[in-house]
Amino acid sequence: MRKVTLGESGPTVSAIGLGCMGMSALYGPRPEEAQSIRTIHRALDLDIDVIDTSASYGDGHNEQLIAKAIHDRRDRVFLCTKFGIRRDNGPMRIDSSPDWARKSCDKSLQRLGVDHIDLFYLHRRNPDVPTEDTIAAMAELVAAGKVRHLGLSEVNAQTLRQAHAVHPLAALQTEYSLLSRDVEDEILPTCRELDITLVAYSPISRALLTGEITTDTAFGDDDLRSGNPRFSGGNRAANLALVDRLRALAGEMGVTPAQLALAWLLERGTVPIPGTTKVRHLEDNAAAATLTLTSEQIQHIADLMPTNAVRGERLSDAAARWVGK
Ligand code: ATR
């Protein structure tokens, strides 16, 4: 597995990570626990060490699942979790207060069964809380040895700068894929300027870029894609027509569309964390790290999917409310 350095002089980690959210929530019925644990173990055996979770995924279920998977192999994991999306058995709210940073970190350490978290992200920012206060509290967690590195998720460039001035950030996690390229305007250049690694979530656009979704694929209420504008009727058909172009090129190159989409993100200097609950998908995704693309190929792939041809917003209205803060 290819390795990369996070941030300016941060840790060396695998170039591709594993997103674990779907093992607990938001992508339909929860898979068998044994299947999820097999997937995590296969990732580690393939030298994928970036294991990504959040306190919010399944309200702690995801962290407990990961604890079971890694208890006897903690030293092989670069463990990433997040705080700030809070439910407490009620409606979701965003809490980026210093007090919740401290409390949520302790709860995550307990659920994960570890003595430190390798990368601790603020999952979403509440604009009522000054960025400096949140990051100062997160920096105290570093000083206390509970957390090794800090990151933010889905914030704007100004917040990124303010935060980085308080404590160096290793990573910004945000959505980035061939179908979601708005970060290229301001966020990615700011990350490059400040030496903050962009960790790309939904790098295969919630499976749209795999070629396995069709106009007939049905999503239940427990699947976030049922309410995502990119997947609704006419939008989905238009977006799948773009994916067909990627599929054709992948066929010519003897690779899968997912591999091409991930290889493209690797060439952009980002760390994609495709989410999967299945060993065979994990293996498909991991193989992207063996591909190298020429600059002509990188441009050609981007040209297959012009940003103005993508139909529908990347997030539902409810989810979009808390990004770019
Ligand atoms: P997210 O970051 O939100 O997890 P993503 O990584 O872009 O989004 O896509 C995740 C989705 O793609 C999941 O539905 C996952 O389903 P499985 O759990 O069944 O794998 C699917 N997926 C991931 N890798 C895939 C692959 N190589 N081929 C087909 N589907 C894949």
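I began with the shell around the ligand and sorted its residues: seven are nonpolar, eight polar and five charged. In this sorting Ala, Val, Leu, Ile, Met, Phe, Trp, Tyr, Cys and Pro count as nonpolar, Asp, Glu, Lys and Arg as charged, and the others, Gly among them, as polar. I note that the model is predicted: local features need pLDDT of at least 70, side-chain atom pairs count only at pLDDT 80 or more, and totals for chains, interfaces and linings use all residues. Residues are numbered from 1 along each chain as its sequence is written, and side-chain values use heavy atoms, with hydrogens and water left out.

I looked up which of the 20 residues around the ligand come nearest, and found Tyr27, Thr276, Thr277, Lys278 and His281 (near: a heavy atom within 4 Å). Helix H9, residues 279-286, gives the most to this shell, with three residues (helices are DSSP runs of H or I, at least four residues; strands are runs of E, at least two).

Next I listed polar contacts (N or O pairs within 3.5 Å). Ligand oxygen atoms lie 2.4 Å from a polar side-chain atom of Lys278, 2.8 Å from a polar backbone atom of Ser202 and 3.3 Å from a polar side-chain atom of Arg225. The protein covers 91% of the 640 Å² of accessible area that the ligand has on its own (Shrake-Rupley, 1.4 Å probe).

Last I traced the open sheet: eight strands with parallel pairing, in the order E3-E4-E5-E8-E9-E10-E11-E12 (pairing needs at least two DSSP bridges). E3 (18-19) and E12 (271-272) stand at the edges with a single partner strand each, so one side of each lacks a neighbour in the sheet. E11 (residues 197-201) pairs with E12 over two bridges, and Ala200 has Pro272 in E12 as its bridge partner.

Conventions. Polar contact = N/O pair within 3.5 Å; in protein donor to acceptor, adjacent residues only side chain to side chain.
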